[in-house]
Amino acid sequence: FSVLSNMQSDPPLTSFVVGSSPTSSNVNESVVLTATLTGAAGTPPQPTTSVASSTVTFFSNTVALSDCTNVSVVVTSVPLGTSTATCSTQMLTGGTDSITATYGGDGTYTGIPSNTVTQTVTPATPTIGVALTTGTTPSVYGTALTFTATVTGVPGPLAPSGTVSFADGVTALTPCTSQSVTPTGPLTGISTATCNISSLAGGSHSITATYVPGTDPNYNAVGP
């Protein structure tokens with residue numbers, strides 16, 4: 001004796017198309033991402049409280065964009081069976097970003113792979129300045145001094161990372177090469193690095209700094 005199930009799986013979306021505006025941008029510039037979901041005429045995809053996954057998440061180079069996850073779907077045309085999900089992101093990194101999206105399904109439709117949109121993001125060139133933040137000038141030989149380099153990028157969530165190397169004129173300050181930079185806040189676009197030294201010889205000194213982004217794709221190198 002057996003019982004045959006009459007359950008049917010939900011049909012897939014007819015189409016799932018992602019777009020961006022503008023199509024090229026700069027680091028920390030807001031880019032609007034839109035996903036258009038199409039089902040059957042008269043039955044658009046739509047959010048439902050009974051299906052928690054009925055949202056869209058956008059990805060850049062297969063990594064979920066933190067400011068574009070679980071984006072709500074809004075019905076745009078019942079006759080055409082279309083809905084959209086829209087969000088604004090500042091998390092696209094410098095270089096080429098391959099943007100895709102996923103849809104969890106809504107109890108009527110299952111998600112399908114979206115298209116891929118290529119976004120070109122231009123890295124920024126920061127400015128860099130050095131200030132004496134601990135100690136005085138003139139100072140006495142052997143006095144502990146702290147120099148702080150400020151690397152100023154573009155306001156937004158992507159602050160410069162990488163390192164700063166300090167120099168006395170054209171001579172590297174041996175204890176202060178490759179100092180890691182630290183963001184000053186979540187949206188300032190500014191990072192700092194410090195050099196602690198007590199071995200400057202007598203005389204006049206010109207302390208400079210060079211920023212090296214390393215693996216940071218968002219900023220270009222800059223020096224004195």
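**Strands, overall form and pocket**

Mentor: Let us begin with one residue pair: in this predicted model, Gly129 lies opposite Thr150 of S12.

Trainee: How many bridges join S11 to strand S12?

Mentor: Strand S11 covers 127–134, and strand S12 covers residues 145–152. The two strands run antiparallel. Strands of a sheet pair through backbone hydrogen bonds, either parallel or antiparallel. The number of bridges joining S11 to S12 is 7.

Trainee: Which are the edge strands of the open sheet of 4 strands?

Mentor: The order in this sheet is S11-S12-S17-S16, with antiparallel pairing. An edge strand here pairs on one side only. The edge strands are therefore S11 and S16 (182–183).

Trainee: Why is the chain described as more spread out than a compact globule?

Mentor: The chain has 0 helices and 18 strands. For 224 residues the globule rule gives 17 Å, and the chain is well over that value, so it is more spread out than a compact globule. Its C-alpha trace spans about 95 × 45 × 20 Å along the principal axes. The radius of gyration is 26 Å.

Trainee: How many charged residues are in the lining of the largest pocket?

Mentor: The largest pocket has a volume of about 310 Å³. Its lining comprises 21 residues, with Thr137, Ser139, Leu145, Leu200 and His205 nearest the centre. The lining divides into 10 nonpolar and 11 polar residues. As for charged residues, there are none: no charged.

Definitions and conventions
Residues numbered from 1 in each chain as written. Predicted model: local features only at pLDDT ≥ 70, side-chain atom pairs only at ≥ 80, totals over all residues. Heavy atoms only, no water. 1 Å grid on protein atoms, 1.4 Å probe; cavity = no way out; pocket = protein on both sides within 12 Å on 5 of 7 lines; lining within 4 Å. Points joined across faces, edges and corners; volume = space filled by probe spheres on them. Nonpolar A, V, L, I, M, F, W, Y, C, P; charged D, E, K, R; others polar. Rg over C-alpha atoms; globule rule 2.2 N^0.38 Å.
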